[in-house]
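Q: I am new to this structure. Can you show me how to read the contact between its chains?

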There are 2 protein chains.
Amino acid sequence: MEETLMSNDTSKGPEDLTVMSREPLIAGTPLGSMKDLETPAANFFVRNHFPIPRLESSGWSLKVTGEVERPFSLGLDALKEMPRREVLVLMECAGNSRGSVQPPIEGLLWDNGAVGTARWTGVPLRSVLEYAGLLDSAVEVLLEGADRGNQQGTTGEMGYSMSLPMDKALHPDTLLAYDMNGESLSPEHGYPLRAVVPGWFGMTAVKWLTGIQVLSQPFWGFHQNDYYVYVGEGYDNGSPKERVTYLQVKSLVTWPGRGRILTTGRHEIRGMAWSGQGPVTKVEVSTDNGRTWQPANLEDSESPYAWRQWTSCWDVSQPGYFLIRARATDQMGKVQPVQAQWNYRGFANNSIHAVPVEVRASG
Amino acid sequence: MEETLMSNDTSKGPEDLTVMSREPLIAGTPLGSMKDLETPAANFFVRNHFPIPRLESSGWSLKVTGEVERPFSLGLDALKEMPRREVLVLMECAGNSRGSVQPPIEGLLWDNGAVGTARWTGVPLRSVLEYAGLLDSAVEVLLEGADRGNQQGTTGEMGYSMSLPMDKALHPDTLLAYDMNGESLSPEHGYPLRAVVPGWFGMTAVKWLTGIQVLSQPFWGFHQNDYYVYVGEGYDNGSPKERVTYLQVKSLVTWPGRGRILTTGRHEIRGMAWSGQGPVTKVEVSTDNGRTWQPANLEDSESPYAWRQWTSCWDVSQPGYFLIRARATDQMGKVQPVQAQWNYRGFANNSIHAVPVEVRASG
């Protein structure tokens, strides 16, 4: 979508992103610029719910409260003195690719640009929780951001918060991150501190973190229980809803782009693939309406949480109109579906990506 | 799409349109403002291929050439002295609704806003051709616009031209129009003269007309034979292609909008319906996943070429998530399909429109 929808308008931001909304800021990465394992911060998608809170490190502190033995708060310098951990983690908005869900869904029609991979450095959430001392009554850990605002369909102002179950909160790779690709977080990406929850969709990677609250009851907040949930057609909205959590197995064709005109001959097809439930083990490419599938070359990745780059060689002798399709399989044996199951907000769409191209006779 | 994609950005034009491209200007009508039989000019979609040529009536003339007995050219005043004809005609871009074609197609991902109905006043093309005197060698009539520019995938500059077969050119309702809803055409809509071809998609309604050329051979121009054509996956682009011509039977839900939150109780559902091959005779609405369909009330239309407004009453007692679907049938018995047949540029998508809404308990 980004290749044409925005190609002639004025909505390009100062960074290399396709801006879909300015307040709150929502912007995606053009597919063609997904070339590297690490996505530069200036090119990393942004999905905010409320205006960006402009926090200063001097006045900022993280408050750890709730079902702990020693509630405390600490500043950024103190946090940086704790043992640090660095993890390469892909982040994807739960709404990524929902622009292609049919019938169209409620909400912003994201193309495929709401995904990126960065090297995050910070303190494991576990370390902070251990320092505070968890009580036996602890059942969830609430991550509280400083961003606040009005949410369509609700009254009054609210903040942005998400909870993690204890096993996810205590996983050593779940981070409170202050650096992204070796530099301090920018305001867009959550300065001074954000959560990074490997393998889950981005909605739990709370930005502008100011509070960690250990809960004795499951959290019941708007974004968690009313917004980032799977509900189908005819679903009673008074019933409990399934929460969006793990990333689905997925691949994108990043080259050639939609509508690209090629000539007969050999072409490299490139893309990215990932999954939240184990690394991608196979990517296949089809250029003949899904009749046959060729295995692509998969690059190694140093991290099980990152995407893997893939390439495939296409030798096309016949001019005409083609769809290039890519299909990933993960370690669990999960494969991308032809069509995603419809849900009201179109979350977690991982249906097979297909890119139309025209091939002309060369020479 | 228009309801959210553009809601927070700066791309609203001076008129009440959702701007998708500024150069060439491409802009659509928000669904919610499709309320009246006549669409005001300021609210009428614009689909240009090249920059708008700024023509002055003083220097302008229409040249009629080719297979005619008496080639001639005439100015705007002379044209306005010829017997005038007024017709209420719906115009729809062939690419309208292609944003919901799956897999995504080549080109701008239009939502549903590229359609409108206006009262066009002008001279029947037939009158001009009769005045010139058609030779027996005439096989097509070429409409030549003054707009020029570069087209992706081609080299050099080109103009925008489209031809009509003789029966369409000689139909008394095919107009050379100078007025739209009782006022002179604006520059965006083709000042001083444009074609209006009832029942066909908008690409033949050439704007900024400066030439009428009667041809002894079928026209072979880029837009007609390479662009506005139906080609499927695997189609050899050296082969002849089927041209896009007639409008398909279609209906849109204009109220409520996508993602609207309603309360239990009675609601009016509203929309528009049309067809290019005879008037719409029936519109049905489903709110239960297409299991049952209720006939909607169809308003009369004074013109067979206009859309018809329809309304339906929805009494919803159960809170939850619903898709509102509308399905039209025309005089020929043609019905909208659940899914349109895929073609490379997604032309003529008339699949059933489905709008997701949330219903909450009232009170």
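A: Start with who takes part. In this predicted model, the contact draws 51 residues from chain B and 51 residues from chain A.

Q: What area is buried between chain B and chain A?
A: About 4500 Å² is buried between chain B and chain A, and carbon and sulfur atoms give 55% of that area. Three residues stand out on the chain B side. E233(B), Y321(B) and Y344(B) supply 18% of the area that chain B buries against chain A, more than any other three residues.

Q: How many salt bridges are counted between chain B and chain A?
A: Look for oppositely charged side chains that meet. The count between chain B and chain A is two salt bridges. One pairs E233(A) with R325(B), at 2.8 Å from N to O.

Q: How many residue pairs are in polar contact between chain B and chain A?
A: The count is 24 residue pairs, both residues at pLDDT 80 or more.

Q: Which elements of chain B give two or more residues to the side that touches chain A?
A: They are β1 (18-22), β23 (320-330) and β24 (353-360) of chain B. β24(B) gives the most, with six residues.

Q: What classes of residue make up that side of chain B?
A: There are 21 nonpolar, 16 polar and 14 charged residues on the side of chain B that touches chain A.

Q: Now a single residue. Is T121(A) buried or exposed?
A: Compare its relative accessible area with the cut-off: buried means under 20%. T121(A) has 6%, so T121(A) is buried. T121(A) lies in strand β7 (residues 115-124) of chain A. Beyond its neighbours within four places in sequence, T121(A) is in contact with residues including R84(A), E86(A), L176(A) and Y178(A).

Definitions and conventions. Residues numbered from 1 in each chain as written. Chains lettered and ligands numbered in written order. Predicted model: local features only at pLDDT ≥ 70, side-chain atom pairs only at ≥ 80, totals over all residues. Heavy atoms only, no water. Contact = heavy atoms within 4.5 Å. Buried area = accessible area lost by both parts, 1.4 Å probe. Salt bridge = Lys/Arg side-chain N within 4 Å of Asp/Glu carboxyl O. Polar contact = N/O pair within 3.5 Å; in protein donor to acceptor, adjacent residues only side chain to side chain. Helix = DSSP H or I, 4+ residues; strand = E, 2+ residues; numbered from the N terminus. Nonpolar A, V, L, I, M, F, W, Y, C, P; charged D, E, K, R; others polar. Buried < 20%, exposed > 50% of the residue type's maximum accessible area, 1.4 Å probe, protein only.
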